[in-house]
Amino acid sequence: MPRISPAVLKLAAITDRRLPYLLRQNNGNISEAKQELRWIKNELSSSRSINMACWLRFNAVPLQYVLKSQPFGPLELSVRPGVLIPRWETEEWCIDLIENLPDNGPDGNFKSLDLCSGSGCIGLSISHARPTYSVSLVEFSSKAIAVLKDNIERLHLRDRNIQCIQADILKNSESIYANEKFNIITCNPPYIPSDEFVKECTTSVKMYEPRLALVADMEFYDNLVKHWIHRTESFVYEVGDIRQCQHVVNGLSHSNQWVTGIKYDSNNKARCVYGYQTASASGVDYGKIFSSFSTDRY
Ligand SMILES: C[S@@+](CC[C@H](N)C(=O)[O-])C[C@H]1O[C@@H](n2cnc3c(N)ncnc32)[C@H](O)[C@@H]1O
């Protein structure tokens, strides 16, 4: 946390008496604090609620929890404590994926499954963009499931073909949507190893975002290779680092049925591991769906 000089504090207070409260979370940068105050004023009407928002921000509560929403592609999602705030990295690959999804599968029934759904940002974006798809979601946290259901209402998706259930995907995976097969499984699982969480995450993340949404290592990638892979023709899993990609790629390397690859984000960090069957029974052209995804192929 940088020290903020009295001169900067004074200048901020002259501009708006609430601005000094926003400097701390904006690294002492007045123009960023001003931008944040504009966002707060745009969203909240009474000066009491604006004052409260600035006080919460002074205490490192994430802006998205204060304003209770977060944009994700064309959607404005509801978020509150207990659910992870969707990140730009996820939004980036999700938009790329959706752009290349077919209008529907050859048999008219494209089935997508989003695991670890949180607010529903991935699954609901797919349903929003492809109204005829069947979209199933699974989430373990009851607080997150409540937000996901609010988002279905908020985004007017209640008449779409959407199912969501609360379950632990690491246990009895086979019993979740038992006997169903999917065209694609998407997942942004918890993937930050616990020592990294302690050392590298910001105070705001550690204090206010759910640890359940963030901390894990290889568990969910292992679970994909052992339990979900037989139930899908393709998958995209977000990752925190290249080791997690390699774990999945190695897990599938014995089979010549899978093409796998890594998608990098615009910061040039490995961001997703993905794969699709070389010969799909449904006739979907997965090569086309993932055409914008990779530079690296295994
Ligand atoms: C990284 S967050 C992703 C949330 C959302 N998909 C997104 O991209 O913002 C991971 C989510 O997985 C959920 N989760 C953690 N362990 C789980 C488990 N064993 N089974 C199902 N969901 C789990 C968390 O509650 C959290 O909502």
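The exercises below, each with a worked solution, go through a predicted model of a protein chain with a ligand.

**Exercise 1. Find the domains of the chain and state how far apart their C-alpha centres lie.**

Solution. Begin with the domain assignment, which gives domain 1 as residues 6-59 and domain 2 as residues 73-297. Then take the C-alpha centres of domain 1 and domain 2, which lie 36 Å apart.

**Exercise 2. Describe the network of salt bridges that links Asp 16, Arg 18 and Lys 41.**

Solution. Start from the whole structure, in which a search finds 13 salt bridges. One of the pairs to examine is Arg 18 with Asp 16, whose side chains meet at 3.3 Å, taken from N to O. Next, the side chains of Lys 41 and Asp 16 meet in a salt bridge of 3.1 Å, again N to O. This second pair links distant parts of the chain, since Lys 41 sits in helix α3 (residues 30-43) while Asp 16 sits in the loop between α1 (6-15) and α2 (19-23), 25 residues apart. Now consider accessibility: Asp 16 has a relative accessible area of 14% and is therefore buried, the cut-off for buried being under 20%. Arg 18 is buried as well, whereas Lys 41, with a relative accessible area of 38%, is partly exposed. Taken together, Asp 16, Arg 18 and Lys 41 form a network of salt bridges.

**Exercise 3. Locate the partners of the salt bridge between Arg 243 and Asp 217, and decide whether each is buried, partly exposed or exposed.**

Solution. The side chains of Arg 243 and Asp 217 meet at 3.0 Å, N to O. The bridge links distant parts of the chain, with Arg 243 in helix α12 (residues 242-252) and Asp 217 in the loop between α10 (203-208) and α11 (219-228), 26 residues apart. Arg 243 has a relative accessibility of 36% and so counts as partly exposed, and Asp 217, at 22%, also counts as partly exposed.

**Exercise 4. Work out which residues come nearest to the ligand, and how much of the ligand's accessible area the protein covers.**

Solution. Of the 21 residues around the ligand, those that come nearest are Cys 116, Glu 139, Asp 168, Asn 188 and Ala 213. Then look at backbone N or O atoms: one of Cys 116 lies 2.9 Å from a nitrogen atom of the ligand, and one of Ile 169 likewise lies 2.9 Å from a ligand nitrogen. For Ser 117, the distance from a backbone N or O atom to a nitrogen atom of the ligand is 3.2 Å. Finally, the ligand on its own has 590 Å² of accessible area, of which the protein covers 96%.

**Exercise 5. Identify the residues that make a nonpolar surface patch of about 320 Å².**

Solution. The patch is made by Tyr 21, Met 52 and Trp 55.

Note on methods
Residues numbered from 1 in each chain as written. Predicted model: local features only at pLDDT ≥ 70, side-chain atom pairs only at ≥ 80, totals over all residues. Heavy atoms only, no water. Patch = residues over 30% accessible without salt bridge, like charges linked within 9 Å, V, L, I, M, F, W, Y side chains within 5 Å. Areas by Shrake-Rupley, 256 points an atom, 1.4 Å probe, with all protein chains shown as cover. Salt bridge = Lys/Arg side-chain N within 4 Å of Asp/Glu carboxyl O. Domains from an automatic or database assignment. Near = heavy atom within 4 Å. Polar contact = N/O pair within 3.5 Å; in protein donor to acceptor, adjacent residues only side chain to side chain. Buried < 20%, exposed > 50% of the residue type's maximum accessible area, 1.4 Å probe, protein only. Helix = DSSP H or I, 4+ residues; strand = E, 2+ residues; numbered from the N terminus.
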